[in-house]
Amino acid sequence: MVTEAERTSGALANLRPDPRGLAIAATAGLALAYPVCLWMMFRSHDWILGPGGKPLITDFLVFWLAGQSALKGAAAAAYIPQSLHAIQVAVTGHAFAGQLPWRNSPLFFFIATPLALLPYYLAFLVWVAGTVAAYSVVVSRIAASRLALVVACATPAIFICSICGQNGPLSAALIGACLLCLERRPLLAGVLIGLLSYKPQFGLLIPIILVAGGYWRTLIAAAISCAAFTLISVFVFGADAFRAFLHYLPITSNEILVHGINGFNKIQTMYGLVRWAGFDNNIAWMMQTGLTCILAIALFWLWRRDVPFALKAAALSVATLLATPHLFMYDFPLVAVAFAFLYRQRAFDTIEFIGVGVANLCMGVFLFVPTPIGMISLFITLALIVRRIFQHEPALSAYFLTPQAA
């Protein structure tokens with residue numbers, strides 16, 4: 001016979017909120033709130049266009065103006081900071097301190113040029129909507145859930161990319177799609193890696209996992225694609241543009257990393273964290289190189305083991321961000337790809353829901369306190385992946401967690 005106390009306890013249990021339902025409601029609310037915020041910013045002339053209908057100074061302005069240079073047959077001029085700055089001043093209608101240089105590979109002109117055919121505000125909207133849509137679809141396919149279409153847009157990194165018009169969603173879409181295709185469509189995966197060469201710092205670890213996993217067809221297709229895309233870009237936009245890009249690479253590294261032209265507080269890497277803490281360039285490079293080497297060895301080991309592919313893909317996604325010294329918060333949509341692969345393997349438990357929430361909270365905090373707080377997000381994500389690996393490999397877990405005899 002059920003007592004009154006037991007009935008009361010059961011009723012109270014039914015009233016307890018479902019953590020999964022609360023998480024879904026919160027993410028859906030954020031995904032809906034971002035477009036509202038952007039619309040309000042647009043109406044108040046704080047997004048895309050300023051007072052008088054002139055473009056605001058954002059990263060996308062560089063893409064659009066570089067495309068304008070390419071349309072005029074002077075793609076190489078986009079790599080001259082002084083010339084580009086003069087055009088930016090003319091377009092925005094006022095002088096401003098600092099520079100917004102064009103640092104991208106000539107391959108990116110294939111995107112910037114069509115956008116330059118459109119009016120600025122329309123090009124900005126098409127770019128943001130197109131890249132976020134591609135990223136959301138890829139994340140949804142990875143997670144094998146339509147709900148992920150909405151959840152993918154809830155990460156603060158997407159809001160940051162939408163504000164400045166950066167390419168983080170595109171990079172995440174390419175890496176996620178490559179990993180989705182790797183086992184069943186190896187040649188297409190190689191072509192996607194070739195397209196990712198527009199952002200070469202994200203390809204540091206990819207050859208390692210391809211060799212470790214024995215994906216030789218993908219490796220060959222990637223090498224051929226990179227070479228072919230480079231030759232096509234040289235043919236279309238001129239050898240001068242390619243030479244200018246190569247000339248500007250060490251200058252970019254010197255400005256961003258050595259001199260911290262954008263501020264070390266904005267660099268979301270081990271290098272940036274060490275420099276932000278006040279240490280010199282040599283120590284920062286030692287720390288970053290050490291971390292990258294550890295990640296490379298760990299990935300090689302992981303991709304040779306009989307571990308679920310989703311865990312391997314998640315590990316590569318977050319390691320790609322940790323391995324490069326040059327990383328900003330607008331690159332963090334790739335974290336959602338790592339989470340999607342984790343979810344693909346199995347649904348999140350309570351600890352993982354909390355971890356995902358804290359990781360995204362750290363990205364959101366950056367909007368108000370620009371610091372290398374993104375490193376916390378990356379290490380939380382890495383910890384969740386390592387936890388899954390230990391759960392899948394009981395012997396490994398016992399080896400590391402059980403005291404060893406002397």
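Predicted model: local features only at pLDDT ≥ 70, side-chain atom pairs only at ≥ 80, totals over all residues.
Reader: Which residues make the nonpolar surface patch, and which helix gives the most to it?

Author: Patches are made of residues with over 30% relative accessible area and no salt bridge, like charges being joined within 9 Å and nonpolar side chains (Val, Leu, Ile, Met, Phe, Trp, Tyr) within 5 Å; the areas come from the Shrake-Rupley method with a 1.4 Å probe, and for residues only the protein chains shown count as cover. Here Val137, Leu147, Leu149, Val150 and Val151 make a nonpolar patch of about 340 Å². Helix H7, residues 148–151, gives the most, with 3 residues, and Leu149 lies in this helix. Helices are DSSP runs (H or I, at least four residues; strands are E, at least two), numbered from the N terminus.

Reader: Which residues of helix H10 are buried, and what covers them?

Author: In H10, which spans residues 186–196, the buried residues are Pro186, Ala189, Gly190, Leu192, Ile193, Gly194 and Leu196. Their cover includes helix H9 (168–181), helix H11 (206–213) and helix H12 (216–237).

Reader: Where does Leu205 lie, and with which residues is it in contact?

Author: Leu205 belongs to the loop between H10 and H11, and with 4% relative accessibility it counts as buried. A contact means heavy atoms within 4.5 Å; leaving aside neighbours within four places in sequence, Leu205 touches Ala296, Leu299, Leu316, Ala319, Thr320 and Ala323 in this sense. Ile193 stands 12 residues from Leu205 along the chain, and the C-alpha atoms of the two are separated by 12 Å.

Reader: How many salt bridges does the structure hold, and where do Asp331 and Lys199 lie?

Author: A salt bridge is a side-chain nitrogen of Lys or Arg within 4 Å of a carboxyl oxygen of Asp or Glu, and the structure holds 7 of them. In one of these, the side chains of Asp331 and Lys199 meet at 2.8 Å, N to O. Asp331 lies in the loop between helix H16 (309–323) and helix H17 (333–345), and Lys199 in the loop between H10 and H11, so the pair ties together parts that are 132 residues apart in sequence. Both Asp331 and Lys199 are buried.

Reader: How far apart are Asp240 and Arg243 in helix H13?

Author: An α-helix has 3.6 residues a turn, so residues three or four places apart point the same way. Asp240 and Arg243, being 3 residues apart in H13 (residues 239–258), are separated by about one helical turn, and their side chains meet in a salt bridge of 2.3 Å, N to O.

Reader: Which residue forms a salt bridge with Glu352, and which residues are joined into one network?

Author: Arg388 forms that bridge, the closest N and O atoms being 2.5 Å apart. The pair links distant parts of the chain, with Arg388 in helix H19 (residues 374–392) and Glu352 in helix H18 (residues 350–366), 36 residues apart. Both Arg388 and Glu352 are buried. Salt bridges with shared partners join Arg346, Asp349, Glu352, Arg387 and Arg388 into one network.

Reader: How many disulfides does a search of the whole structure find?

Author: A disulfide is a pair of cysteine sulfur atoms within 2.5 Å, and the search finds 0. The cysteine sulfur closest to that of Cys37 is in Cys153, at 14 Å, too far for a bond. Cys37 is partly exposed, at 32% relative accessible area, and Cys293, at 42%, also counts as partly exposed.

Reader: What is the mean pLDDT of the protein?

Author: pLDDT is the predictor's confidence in each residue, from 0 to 100; its mean for the protein is 90, and 91% of the residues reach 70 or more.

How values were computed
Residues numbered from 1 in each chain as written. Heavy atoms only, no water. Buried < 20%, exposed > 50% of the residue type's maximum accessible area, 1.4 Å probe, protein only.
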